[in-house]
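The following note sets out several points for a colleague who is reading the structure alongside its sequence. Each point takes up one region or one kind of contact.

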Amino acid sequence: MTAKLVYDFDEYCEGGRDVLGGKGLGLAEMTALDLPVPAGFTITTEACRHYLADHGPLPADLREEIEQHLALLEERTGQRFGDPANPLLVSVRSGGPVSMPGMMETVLNLGMGDAVIRQAQPEAVHFLLDDYRRLIQMYGEVVAGIDSALFAKELEAFEARDHNETPTHDDLNELVDAFRGIYLDATGTDFPQDPKEQLFAAVAAVFDSWNAPRAQVYRKTAGISEDAGTAANVVQMVFGNRDSRSATGVCFSRDPATGEPGLYGEFLSEAQGEDIVAGTRTPLPVAEMRAVLPEAHAQLVTAVAELERHYRDMQDVEFTVESGRFYLLQTRGAKRTATAALRTAVDMAGEGLLSRDEAVQRIDPAQLEQLLHPTIDPRAELVVVATGLCASPGAACGLAIFDANTAAARSADGEDIILVRPETTADDIHGLLPAQGILTARGGMTSHAAVVARGLGKPCVAGCAALDIDLDERIARIGDVAIREGDPLTIDGTTGRVILGLAPLVEPEPDANLATILDWADDVRRLRVYANADTPLDAERARKHGAEGIGLCRTEHMFMAAERLPIVREMILASTVEERAAALEQLLPMQQSDFEGIFEAMAGLPVTIRLLDPPLHEFLPDPAEVEDLHIRERIESLREANPMLGTRGCRLGIERPEIYEMQIKAIVRAGQAVEQRMGVLPIIEIMHPLVAFASELEWLVELTARTVAEEGGLEYRVGTMIELPRAALRAGELAVHADFFSFGTNDLTQTTLGVSRDDAQGRFLTFYLQHGLLAQDPFQTIDVEGVGELVRTAVERGRATRPSIEIGICGEHGGDPASIAFCESIGLDYVSCSPFRVPVARLAAAQAVLAAGAAYVPAGG
């Protein structure tokens, strides 16, 4: 390695965040702003990547460069690393280019050893012994891989003893000796006394933590590159546990749950930073710091305000006060709820910190779904058994589960769970991700559980002091109330309530800031946003969320109602045309009624109705459950070896045209009835699915026109859903007969990749994602190089034949922000998604325009 791999905090680095990581860049920028930051240096992400590629150890040239910067740090501080008479102690802190709170490692108090304790001044011995035991514990867990439970058990026993409130030097010496004994028993060696050995081992452990299982899980969930690596920041230690005028804390420039302006956070006196994050002590609100450390509190207020102005974003700040002297240890963009993100963006636009376009770009589209999820019905009678801290808003119901492994397993089986823990750690991430909500007995508003829950958009109640959890017996107690593992439980992260049973939930109230951001987004976006809706209720919900039409109405879903299914089966199993016609005659008014409700809800807007698509056997019972031999044989005769590629879609409509004729009649009659009642109609679009050949579509277009004419006529448009590679490649021929194309990207992905979604997910596709064969699930985010190339080709060829043809997508990808960006880039006219994802799509469509820096035409223009 010849490139520069270490930078002091006051050195310029051209690579910025990608090289220094987010934490290193923050320390460098705070230093440049002349804010009170401990001295230190950053070992770059490039050094981490080299180390991981070579599988360690730290190379000699990197060690030499670290020692050079360590010497400069000694000059700045007037202390020496390894000098027991005047010791420089340092921390090594991880920090990747993208924030991953709590997922990687940190080691504090490096440079501490027996010699430092022997030569310490009497007034410093107490806090240095506390630092020493912390170092042994953190080093043991992070570097040596010792089970944290061994140290935790010893510490709990120590704290349970009567020390007259403050432990003596002898008490702390006993604890240090006990921790050294644990280290010796676990590793077979004494705790290392060489400070440089400690430092280099800690740097290597921080680099290794990039590949820790919890970090890998977090990156996959957050879509963070596996190749970035983490920087390691070597920072002069400042001691929040030195004396009664010392403290440590975490605070935000605005409330991360609501976005309300003003300093929001917590602090602990005589503590180090991990005490807050770990949740082992319940901290105090940062406002109370004004009374005990008024000068430091004033400096904090000033510094946080300056950082927010500088970054033009809500900040998450870590700080320490040592003997009254204030230091900033970190600043980063704060993880926040959707509610807080929206209010902050709107407020900052009003304050002149952001433009409207910048405010729109600040919102994570996927986070908006938080606001559309249910809350507890205020009319419900609830059994509230405890109240904790409102750590992350929203309500969640599920089964109480007491460990992350069980939570992950039972969630995988389809159960909703509430993860209930004394406190959470980064090792719980695989249980936190699938949980509906999180409840902890300890920890505050900035504990691990609270921060992660807000980032994931999950409800969380933290610091529920009344909650006593016995992990061995798998039971929690709140006073006389026992909650056993698997018992139903509800938490309300907005109020902090813990509720027995599964409380009824209701739709959330509208958010005014969401409406403002979406209005600004609508001014920018070009793509129209439709919804997939199969019922009048879905259509009303879609319009409420701002849908500009229905891009997919799946008529087969109308057939599955209990009162209709027997008639559908009669139609399928009919032996004669007359029997089938009689069944269809019964279904026609039912379909007409459905269409009338949808047309009324969407008056004046497009409604795309897909005629019957799935194979008929999906409506039939298992033949083994049918007693009538004739019917059983008839069901067996309809079965196909590969029904998803068999007689379905347009093939069914061509082979049994009376089915499609009935559906078209229902559409026409519904349109005529609604037009007569309301004087206005939606723009009716009839879509024929699974077309592969132009001859199929030509046949179906003629059938559609003939049936509409026989019913007295109605204005409509006709098109096809492109779900097959051949249809995409021959789109120019199909466009001769189509007013519109809609890409059914779910089936197009299946047929392009030769993959069954239902068979792949949870099996080999999951394996591929876990082992890096695929960067993302192609059924969630469109495969741009494969499926996307077919879509691009179809657009070009279709428009070459018919420039005015309307083109959109209606698969699951229609609500995925990355897929929406692709749709914008190739000039589609609309995307269609589930009603709840319409706000997500509206915002993502605007962000796609802004990211491209393109001139735009307002939606509908």
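1. Is Thr-707 buried or exposed? The model is a predicted one, and in it Thr-707 has a relative accessible area of 1%. Because buried means under 20%, Thr-707 is classed as buried. The residue belongs to helix α25, which covers residues 694-710. Leaving aside residues up to four places away in sequence, Thr-707 touches Glu-661, Ile-664 and Lys-665.

2. Strand β24 (residues 528-532) runs parallel to β31 and is joined to it by four bridges. Within this pairing, Ala-531 has Cys-833 as its bridge partner. Strand β30 (residues 806-809) also runs parallel to β31, with two bridges between them; here Gly-808 has Tyr-830 as its bridge partner. Together with helix α32 (residues 817-825), β30 and β31 make a right-handed β-α-β unit.

3. Which aromatic pair ties β24 to β31? Eleven aromatic pairs are found in a search of the whole structure. In the pair formed by Tyr-530 and Tyr-830, the ring centres are 4.5 Å apart and the planes meet at 25°, so the pair is stacked. Because Tyr-530 lies in β24 and Tyr-830 in β31, this pair ties together parts that are 300 residues apart in sequence. Both Tyr-530 and Tyr-830 are buried.

4. A further stacked pair is that of Phe-595 and Phe-599, at 6.2 Å centre to centre and with 15° between the planes. Both residues lie in helix α21 (residues 577-601), four residues apart, which is about one turn of the helix. Phe-595 counts as buried because its relative accessibility is 0%, and Phe-599 counts as buried on a value of 0% as well. Ring pairs also link Tyr-132, Tyr-139, Tyr-183 and Phe-191 into a cluster.

5. The largest nonpolar core has 91 residues, and those with the most contacts inside it are Phe-599, Phe-741, Phe-743, Val-791 and Leu-828. Helix α24 (residues 657-678) gives the most to this core, with nine residues. A second, separate core of 85 residues includes Leu-5, Val-92, Leu-433 and Ala-449. In soluble globular proteins, nonpolar side chains tend to be buried together. Beyond four places in sequence, the residues that Phe-599 touches include Val-607, Ile-609, Ile-667, Ala-670 and Ile-684.

6. How far apart are the end C-alpha atoms of helix α31? They are 21 Å apart, which agrees with the 21 Å that its 15 residues (787-801) should span at 1.5 Å a residue. Among the buried residues of α31 are Val-787, Leu-790, Val-791, Ala-794 and Gly-798. The buried residues of this helix pack against several elements, including β29 (740-743), α28 (745-753), β30 and α32.

7. Ile-117 is placed in helix α4 (residues 114-118). Its relative accessibility is 16%, so Ile-117 counts as buried. Apart from residues up to four places away in sequence, Ile-117 touches Met-112, Leu-128, Leu-129 and Tyr-132. Ile-117 and Ser-695 are 578 residues apart in sequence and, from C-alpha to C-alpha, 89 Å apart in space.

Key. Residues numbered from 1 in each chain as written. Predicted model: local features only at pLDDT ≥ 70, side-chain atom pairs only at ≥ 80, totals over all residues. Heavy atoms only, no water. Buried < 20%, exposed > 50% of the residue type's maximum accessible area, 1.4 Å probe, protein only. Contact = heavy atoms within 4.5 Å. Pairing = 2+ DSSP bridges. Right-handed = clockwise from strand over helix to strand, strands pointing away. Expected span 1.5 Å × (residues − 1). Core = buried A, V, L, I, M, F, W, Y, C linked by side-chain atoms within 4.5 Å. Phe/Tyr/Trp six-rings, centres within 6.5 Å; stacked < 30°, edge-to-face > 60°.
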